[in-house]
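Work through the following exercises with the sequence and the model open beside you. Try each task before you read its solution.

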Amino acid sequence: MPITPERIISALKSERAAAQIGLAFKVLSTRRQGELTLIAAEPVRDGRRSSALDESLEDSKAVWFGDLPGRGKVVAVDPDRGELALKYVSGPLPEVDSRVTLYPEDFLTPLIELWDTPCHLKKAAKLLKRAKAPAAFESKPLPAEFNQLRARQSEAVSLPLSRVGLLHGPPGTGKTYTIGGMIAYLLTRFPDCKILVSGPTNTAVDSALLSADDWLQKIGREDLRETMKRIGSRFETSKFSGRNHLLPSGVYAASVEVGLLESEEPSKTDIEKYVIWKEKLAEARKRLKADIAYTCSQSRLIAITTNSFFRHFDDIPKGWHFALADEASQIPLPAALMVASKAHCVTFAGDPKQLAPIVQTDDISAGTILGKTAFDVFKEAPSVFLNEQSRMCQGVCDVVSHTFYDDQLIVCQKAARDVAWKKDRSPWFLNGREMPRVMIDDRAGEATWSKKYNGKIRYQSAEIIAAMIDELLGSYAEPEDIMILTPFRAQRELIRGMLGRGGRRNIKVSTVHRAQGSEKKIVIFDPVDAGSSFLNSDTGRRLINVAASRAQAHFVLLTGPADMRNQFITRIAERSRAIWDRRGDYASPLRVRLRSA
């Protein structure tokens, strides 16, 4: 079935309806503390959407119904205590065992309103036919100052000259570095061009802008650095220290204030102090906002997140020559088309084999549209696949490339010859034995459902992880070298609690979704329930790929019997056995001594 504007609008409205159902929590206790109402709660699992109690729920609206209804705003969430902190409460407090429903902030309405506006709809819909259009500008040999780019990176710099271009950037291949080179090339080759840079996260937008700034400094074009501006109030202020030229007039002083406040973040154990701090930070961030129309008129490049872009769409004037959308594999098609509608040429950069757009609706037709990205609909457009990576050591790269990238991904030869690079990825030795780069501990057991954590957990694998951390610390790695990943928030909280009780609170434990863009010397991955249909799906493939490709020196995979029913886990295991399971050093599987042993 063809993609039409009508189907796009219907899909967006279906997604908004799903998001507005709300998240239900059972009230365990309530109390007042100063101006705050504190509610201890646990998620309700009754076939509707449910969510773990975490910081993503901050700024949600809280509502409770019944004979004595009430409402308030969630100003803080303490996952360790399982508490919601509310302000602006109206009505009596909710009763114990009653339900509180949380409604997160609505980000979809601005995009829906754009698709409901005929002139915007027409421009965005036209893009579906743009892939086969001839190049807008002639491709020329790159100037000498761009010679430091790798072969595929050099090829990619010319992608923006096409009406639509696709940059496939697997992990560690220098995608952000290449985007910076693209921007520098466009600004120097076309003196009057205007460039729009966008992405789904502040991190993606900040990284692209800072990369461009570095490139312009590197090639001696200091004059162009001041023509680029960051729009928005949620950027990471510490990254712009010494780069006030990238911020609109008057914003830098406010960013310094925000940075100072962020460095003073108090513990949530004093929840009143924490909420006062958070409100001060929110007020300070308001002063980061600039006159968007004026900033656009005075700049050759603006960098803005997609959510901010849609909210301020009509404030951003026409006349953009190039649009660059980073992390485009996470931008749903309707959003990607609307971003591209502002410019004559658009380049989408990302990795379609990693995280995809998050879709909540149960409507299959709507989910089909919202699950698509520019990489799905513009397959005939000019594209470049960056094939050389410098994050993963040879062994990890081999397994990731074979399992997820059809053996196309290789280690950059320049990195492989670099002594410091190899030292940073030196192998781990356990009991005098050099450990394989991809290790599998098959004692993880089976997953169970936890009412306490409202999700799937695996206690045995958490125990193995705790023992492994004890072995690693001091002998091979420092806390900052290690990252523990799992697809399930419930397992994340279980592992955090177990490590915390053992005095290991400084180890990073994260869900896979939140780890995109990060990397560590050693990554431990607990899939918990890899045999499930969820992790055997395309979504599961992407999650497992993200987890494995965060590792620089070692990737440790915890498995139980059911996990080996997962086709991607099986491929990783088979490839690692083919490389390391041989007589001698790698004859027996990884084993660490458990605390109970």
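**Exercise 1.** In what order do the 5 strands of the open sheet stand, and is the pairing parallel or antiparallel?

*Solution.* Before starting, note that this is a predicted model, in which local features need pLDDT of at least 70 and side-chain atom pairs count only at pLDDT 80 or more, while totals for chains, interfaces and linings use all residues. Residues are numbered from 1 along each chain as its sequence is written, and side-chain values use heavy atoms, with hydrogens and water left out.

Strands (E, at least two residues) and helices (H or I, at least four) are DSSP runs, numbered from the N terminus, and two strands pair if DSSP finds at least two bridges between them. Read in this way, the sheet has the order β18-β24-β23-β21-β22, and its pairing is parallel. The edges are taken by β18 (438-441) and β22 (508-511), each of which has a single partner strand, so one side of each is left without a neighbour in the sheet. From one strand to the next the twist averages 20 degrees, where axes are lines fitted to C-alpha atoms (for helices over the stretch in contact) and angles run from 0 to 180 degrees between N-to-C directions.

As a next step, look at the pair formed by β18 and β24 (residues 551-558), which run parallel and are joined by 4 bridges; here I440 stands opposite L557 in β24. Helix α19 (residues 489-501) packs on the sheet and touches β21 (482-486) and β22, with its direction at about 170 degrees to that of β22; contact means heavy atoms within 4.5 Å.

**Exercise 2.** How many aromatic pairs does a search of the whole structure find, and why does the pair of F137 and F190 tie together parts that are apart in sequence?

*Solution.* The search finds 15 aromatic pairs. Rings of Phe, Tyr and Trp (its six-membered ring) pair if their centres lie within 6.5 Å, and planes under 30 degrees apart count as stacked, over 60 as edge-to-face and the rest as tilted. F137 and F190 form a tilted pair, 4.9 Å centre to centre with 50 degrees between the planes. F137 lies in the loop between α3 and α4 (151-157), whereas F190 lies in the loop between α5 (175-189) and β8 (195-199), so the pair ties together parts that are 53 residues apart in sequence. F137 is partly exposed, with a relative accessible area of 26%, but F190 is buried, with 15%.

Compare this with Y274 and W277, whose ring centres are 5.5 Å apart and whose planes stand at 40 degrees, so the pair is tilted. Y274 and W277 are 3 residues apart in helix α9 (residues 271-286), and are therefore separated by about one helical turn.

How values were computed
Buried < 20%, exposed > 50% of the residue type's maximum accessible area, 1.4 Å probe, protein only.
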